[in-house]
Amino acid sequence: MIKVHHLDHSRSQRVLWMLEELNLPYQLVTYQRDPKTWLAPQALRDIHPLGKSPVLQDDALVLAESGAILEYLADRYDSGRQLSPEPMPAQAAERVRYRYWIHYAEGSAMPPLLMSLVFARVRKAPMPFFAKPIARGIADKVMKGFIGPQLKLHLDWMERELASSPWFAGERFTAADIQMSFPIQAAASRAGSMERYPKLQAYLARIAQRPAFQRAVERGGPLDLGAGAA
(Lines give C-alpha, C1' and ligand atoms only; values in the text may rest on other atoms or scores of the structure.)
Protein backbone atom coordinates (compact mmCIF):
# COMPACT_ATOMS: atom_id res chain seq x y z
CA MET A 1 0.00 0.00 0.00
CA ILE A 2 1.25 3.47 -0.91
CA LYS A 3 1.26 5.87 2.02
CA VAL A 4 1.37 9.66 1.67
CA HIS A 5 2.42 11.86 4.55
CA HIS A 6 0.39 14.95 3.80
CA LEU A 7 0.72 18.40 5.35
CA ASP A 8 -2.31 20.66 5.07
CA HIS A 9 -2.02 23.59 2.63
CA SER A 10 1.15 22.23 1.01
CA ARG A 11 2.82 20.84 -2.06
CA SER A 12 1.75 17.34 -1.09
CA GLN A 13 -1.67 18.05 -2.60
CA ARG A 14 -0.02 17.38 -5.96
CA VAL A 15 0.94 13.85 -4.93
CA LEU A 16 -2.66 13.07 -3.97
CA TRP A 17 -3.79 14.44 -7.32
CA MET A 18 -1.27 12.28 -9.20
CA LEU A 19 -2.42 9.17 -7.35
CA GLU A 20 -6.04 9.99 -8.08
CA GLU A 21 -5.28 10.48 -11.78
CA LEU A 22 -3.63 7.04 -11.82
CA ASN A 23 -6.50 5.50 -9.81
CA LEU A 24 -4.01 4.08 -7.31
CA PRO A 25 -5.15 3.21 -3.78
CA TYR A 26 -3.23 4.95 -1.03
CA GLN A 27 -3.26 5.59 2.69
CA LEU A 28 -3.32 9.22 3.76
CA VAL A 29 -1.55 10.37 6.93
CA THR A 30 -2.38 14.01 7.58
CA TYR A 31 -0.39 16.52 9.63
CA GLN A 32 -1.48 19.99 10.71
CA ARG A 33 0.69 23.08 10.62
CA ASP A 34 1.54 24.97 13.78
CA PRO A 35 -1.09 27.76 13.92
CA LYS A 36 1.52 30.35 15.00
CA THR A 37 4.57 29.49 12.92
CA TRP A 38 2.70 27.75 10.08
CA LEU A 39 5.51 25.18 10.04
CA ALA A 40 5.20 21.41 9.82
CA PRO A 41 5.08 19.47 13.10
CA GLN A 42 8.05 17.65 14.55
CA ALA A 43 6.31 14.32 13.84
CA LEU A 44 7.24 14.59 10.16
CA ARG A 45 10.93 14.29 11.12
CA ASP A 46 10.19 10.77 12.27
CA ILE A 47 9.33 9.96 8.65
CA HIS A 48 12.03 11.97 6.88
CA PRO A 49 14.97 13.88 8.45
CA LEU A 50 14.00 17.17 6.81
CA GLY A 51 10.52 17.08 8.34
CA LYS A 52 8.92 18.30 5.12
CA SER A 53 5.91 17.22 3.11
CA PRO A 54 5.22 15.47 0.84
CA VAL A 55 6.78 12.16 1.78
CA LEU A 56 5.73 9.01 -0.04
CA GLN A 57 6.21 5.48 1.26
CA ASP A 58 5.90 2.61 -1.19
CA ASP A 59 6.90 -0.68 0.40
CA ALA A 60 10.43 -0.05 1.73
CA LEU A 61 10.94 3.10 -0.31
CA VAL A 62 10.70 6.49 1.44
CA LEU A 63 10.82 9.37 -1.01
CA ALA A 64 10.58 13.14 -0.55
CA GLU A 65 10.37 16.07 -3.02
CA SER A 66 7.18 16.41 -5.03
CA GLY A 67 8.89 16.40 -8.43
CA ALA A 68 10.84 13.24 -7.64
CA ILE A 69 7.69 11.59 -6.31
CA LEU A 70 5.67 12.42 -9.43
CA GLU A 71 8.43 11.11 -11.69
CA TYR A 72 8.70 7.93 -9.62
CA LEU A 73 4.95 7.33 -9.77
CA ALA A 74 4.95 7.93 -13.52
CA ASP A 75 7.87 5.58 -14.12
CA ARG A 76 6.56 2.80 -11.90
CA TYR A 77 2.80 2.97 -12.32
CA ASP A 78 1.96 4.90 -15.48
CA SER A 79 2.54 1.94 -17.79
CA GLY A 80 0.13 3.32 -20.39
CA ARG A 81 1.89 6.68 -20.37
CA GLN A 82 -1.38 8.40 -19.51
CA LEU A 83 0.43 11.20 -17.67
CA SER A 84 3.99 11.01 -18.97
CA PRO A 85 5.78 10.82 -22.33
CA GLU A 86 7.73 7.79 -23.43
CA PRO A 87 11.27 8.00 -21.99
CA MET A 88 12.87 7.56 -25.40
CA PRO A 89 13.83 9.29 -27.57
CA ALA A 90 15.07 11.65 -24.89
CA GLN A 91 15.08 14.56 -27.36
CA ALA A 92 11.40 14.19 -28.31
CA ALA A 93 9.66 17.56 -27.97
CA GLU A 94 7.05 16.41 -25.45
CA ARG A 95 9.66 14.62 -23.34
CA VAL A 96 11.94 17.68 -23.26
CA ARG A 97 9.10 20.03 -22.31
CA TYR A 98 7.78 17.58 -19.72
CA ARG A 99 11.16 17.32 -18.02
CA TYR A 100 11.70 21.07 -18.15
CA TRP A 101 8.40 22.00 -16.47
CA ILE A 102 8.69 19.25 -13.85
CA HIS A 103 11.95 20.87 -12.68
CA TYR A 104 11.08 24.51 -13.45
CA ALA A 105 8.17 24.49 -10.97
CA GLU A 106 10.40 24.25 -7.91
CA GLY A 107 13.75 25.32 -9.35
CA SER A 108 12.69 28.65 -10.88
CA ALA A 109 9.02 29.46 -10.25
CA MET A 110 8.82 28.87 -6.49
CA PRO A 111 11.86 30.83 -5.16
CA PRO A 112 10.44 34.33 -5.84
CA LEU A 113 7.05 33.20 -4.54
CA LEU A 114 8.68 31.92 -1.35
CA MET A 115 10.62 35.17 -0.99
CA SER A 116 7.36 37.09 -1.44
CA LEU A 117 5.87 35.09 1.42
CA VAL A 118 8.91 35.65 3.67
CA PHE A 119 9.03 39.41 3.17
CA ALA A 120 5.26 39.73 3.58
CA ARG A 121 5.68 38.04 6.97
CA VAL A 122 8.58 40.36 7.82
CA ARG A 123 6.26 43.34 7.30
CA LYS A 124 3.71 41.87 9.72
CA ALA A 125 6.10 40.40 12.28
CA PRO A 126 5.85 41.69 15.87
CA MET A 127 8.81 43.93 16.74
CA PRO A 128 9.61 47.09 18.72
CA PHE A 129 7.73 50.11 17.37
CA PHE A 130 10.94 51.91 16.40
CA ALA A 131 12.06 48.96 14.24
CA LYS A 132 8.81 48.58 12.29
CA PRO A 133 9.42 51.42 9.79
CA ILE A 134 12.92 50.12 9.08
CA ALA A 135 11.82 46.50 8.58
CA ARG A 136 8.87 47.50 6.43
CA GLY A 137 11.02 49.85 4.39
CA ILE A 138 13.55 47.10 3.66
CA ALA A 139 10.79 44.60 2.84
CA ASP A 140 9.05 47.05 0.51
CA LYS A 141 12.33 47.88 -1.24
CA VAL A 142 13.13 44.20 -1.83
CA MET A 143 9.59 43.51 -3.04
CA LYS A 144 9.61 46.44 -5.44
CA GLY A 145 13.19 46.16 -6.66
CA PHE A 146 13.66 42.41 -6.96
CA ILE A 147 10.79 40.10 -6.04
CA GLY A 148 8.06 41.95 -7.93
CA PRO A 149 10.03 42.08 -11.22
CA GLN A 150 10.98 38.40 -10.83
CA LEU A 151 7.36 37.37 -10.30
CA LYS A 152 6.33 39.33 -13.38
CA LEU A 153 9.14 37.77 -15.41
CA HIS A 154 8.04 34.23 -14.55
CA LEU A 155 4.31 34.84 -14.87
CA ASP A 156 4.85 36.46 -18.28
CA TRP A 157 6.93 33.44 -19.34
CA MET A 158 4.31 30.91 -18.25
CA GLU A 159 1.54 32.94 -19.90
CA ARG A 160 3.44 32.98 -23.22
CA GLU A 161 4.07 29.24 -23.07
CA LEU A 162 0.39 28.46 -22.50
CA ALA A 163 -0.46 30.62 -25.50
CA SER A 164 1.23 28.04 -27.74
CA SER A 165 -0.32 24.90 -26.21
CA PRO A 166 -3.11 24.16 -23.72
CA TRP A 167 -0.83 22.21 -21.38
CA PHE A 168 2.77 22.71 -20.32
CA ALA A 169 4.22 19.67 -22.07
CA GLY A 170 2.12 20.16 -25.20
CA GLU A 171 -1.32 19.18 -26.39
CA ARG A 172 -2.20 16.78 -23.57
CA PHE A 173 -2.38 16.91 -19.81
CA THR A 174 0.63 15.33 -18.03
CA ALA A 175 2.25 15.15 -14.62
CA ALA A 176 4.10 18.35 -15.57
CA ASP A 177 0.78 20.15 -15.21
CA ILE A 178 0.25 18.61 -11.79
CA GLN A 179 3.70 19.83 -10.76
CA MET A 180 3.12 23.31 -12.20
CA SER A 181 -0.22 23.74 -10.46
CA PHE A 182 1.26 24.74 -7.10
CA PRO A 183 3.34 27.76 -8.17
CA ILE A 184 0.46 29.08 -10.28
CA GLN A 185 -2.00 28.63 -7.42
CA ALA A 186 0.51 30.30 -5.10
CA ALA A 187 0.92 33.21 -7.52
CA ALA A 188 -2.84 33.65 -7.71
CA SER A 189 -2.89 33.86 -3.89
CA ARG A 190 0.20 36.00 -3.33
CA ALA A 191 1.08 37.97 -6.45
CA GLY A 192 -2.05 40.10 -6.65
CA SER A 193 -4.44 40.29 -9.58
CA MET A 194 -4.15 37.67 -12.33
CA GLU A 195 -6.15 39.74 -14.80
CA ARG A 196 -3.07 40.21 -16.96
CA TYR A 197 -2.77 36.44 -17.33
CA PRO A 198 -5.89 35.02 -18.99
CA LYS A 199 -4.08 31.83 -20.07
CA LEU A 200 -3.01 31.08 -16.52
CA GLN A 201 -6.51 31.83 -15.25
CA ALA A 202 -7.97 29.45 -17.84
CA TYR A 203 -5.40 26.82 -16.86
CA LEU A 204 -6.45 27.02 -13.21
CA ALA A 205 -10.08 26.73 -14.24
CA ARG A 206 -9.35 23.64 -16.38
CA ILE A 207 -7.49 21.76 -13.69
CA ALA A 208 -10.19 22.55 -11.15
CA GLN A 209 -12.69 20.72 -13.38
CA ARG A 210 -10.71 17.49 -13.45
CA PRO A 211 -12.45 14.79 -11.36
CA ALA A 212 -9.11 13.51 -9.99
CA PHE A 213 -8.21 17.03 -8.85
CA GLN A 214 -11.55 17.33 -7.09
CA ARG A 215 -11.07 13.98 -5.37
CA ALA A 216 -7.60 15.04 -4.18
CA VAL A 217 -9.04 18.22 -2.69
CA GLU A 218 -11.80 16.23 -1.06
CA ARG A 219 -9.28 13.90 0.61
CA GLY A 220 -6.49 16.36 1.37
CA GLY A 221 -8.50 19.51 2.00
CA PRO A 222 -8.56 22.83 0.10
CA LEU A 223 -5.38 24.87 -0.31
CA ASP A 224 -4.91 28.19 1.46
CA LEU A 225 -1.63 29.46 0.04
CA GLY A 226 -1.96 33.05 1.16
CA ALA A 227 -1.80 32.30 4.87
CA GLY A 228 1.84 31.32 4.96
CA ALA A 229 2.08 27.88 3.36
CA ALA A 230 5.37 27.11 1.66
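**A conversation about the predicted model**

Reader: Where does S12 lie?

Author: S12 lies in the loop between β1 and α1. Please keep in mind that the structure discussed here is a predicted model.

Reader: Is S12 buried or exposed?

Author: S12 is buried, because its relative accessible area is 0% and the cut-off for a buried residue is under 20%.

Reader: And what does S12 touch?

Author: Setting aside neighbours within four places in sequence, S12 is in contact with H5, H6, L7, S53 and P54.

Reader: You mentioned S53 and P54. What kind of peptide bond joins S53 and P54?

Author: A cis peptide bond joins them, with omega at about 15°. P54 belongs to the loop between β2 (26-31) and β3.

Reader: Is H9 buried or exposed?

Author: H9 counts as buried, because its relative accessibility is 17% and buried means under 20%.

Reader: What is the phi of D59?

Author: Phi of D59 is near 55°, again a positive value in a residue that is not glycine. D59 is found in the loop between β3 and β4.

Reader: And is D59 buried or exposed?

Author: D59 is exposed, since its relative accessible area is 59% and the cut-off for exposed is over 50%.

Reader: Let us change topic. How many helices and strands does the protein have?

Author: There are 7 helices and 4 strands. Starting at the N terminus, the order of elements is β-α-β-β-β-α-α-α-α-α-α.

Reader: How compact is the protein, and why?

Author: It is as compact as a globular protein of its length, because its radius of gyration is 18 Å, close to the 17 Å that the globule rule gives for 230 residues. Along the principal axes, the C-alpha atoms fill a box of roughly 60 × 45 × 30 Å.

Reader: What share of the residues is buried?

Author: Buried residues make up 46% of the 230 residues. With regard to contacts, among those with a separation of 6 or more, residues 24 or more positions apart account for 70%.

Reader: And the surface? What does it come to?

Author: The accessible surface is about 11500 Å², and carbon and sulfur atoms hold 59% of it. The protein also has 29 positive and 23 negative side chains, and the centres of these two sets lie 8 Å apart.

Reader: Could we look at one strand residue? Where is L56?

Author: L56 is placed in strand β3. L56 counts as buried, because its relative accessibility is 0%, where the cut-off is under 20%.

Reader: What is L56 in contact with?

Author: Leaving aside neighbours within four places in sequence, the contacts of L56 include I2, K3, V4, V15, L61, V62 and L63. They also include I69, Y72 and L73.

Reader: Which residues of α2 are buried?

Author: They are S66, G67, I69, L70, Y72, L73 and A74. I69, Y72 and L73 are among the contacts of L56.

Reader: What covers the buried residues of α2?

Author: The cover includes β1 (2-7), α1 (13-21), β3 (55-58), β4 (61-64), α3 (93-124) and α5 (175-190).

Reader: How many residues does α2 have, and what does it span?

Author: Helix α2 (residues 66-77) has 12 residues and reaches 16 Å from its first C-alpha to its last, close to the 16 Å expected.

Reader: Why do some residues of a helix point the same way?

Author: An α-helix has 3.6 residues a turn, so residues three or four places apart point the same way.

Definitions and conventions: Residues are numbered from 1 along each chain as its sequence is written. This is a predicted model: local features need pLDDT of at least 70, side-chain atom pairs count only at pLDDT 80 or more; totals for chains, interfaces and linings use all residues. Side-chain values use heavy atoms; hydrogens and water are left out. Helices (H or I, at least four residues) and strands (E, at least two) are DSSP runs, numbered from the N terminus. The radius of gyration is taken over C-alpha atoms; the globule rule is 2.2 Å times the number of residues to the power 0.38. Buried means under 20% relative accessible area, exposed over 50%, partly exposed in between (1.4 Å probe, protein chains only). Contact means heavy atoms within 4.5 Å. Accessible areas come from the Shrake-Rupley method with a 1.4 Å probe; for residues, only the protein chains shown count as cover. Lys and Arg count as positive and Asp and Glu as negative; His and the chain ends are not counted. The place of a charge is taken as NZ of Lys, CZ of Arg, CG of Asp or CD of Glu. The expected span of a helix is 1.5 Å times one less than its number of residues.
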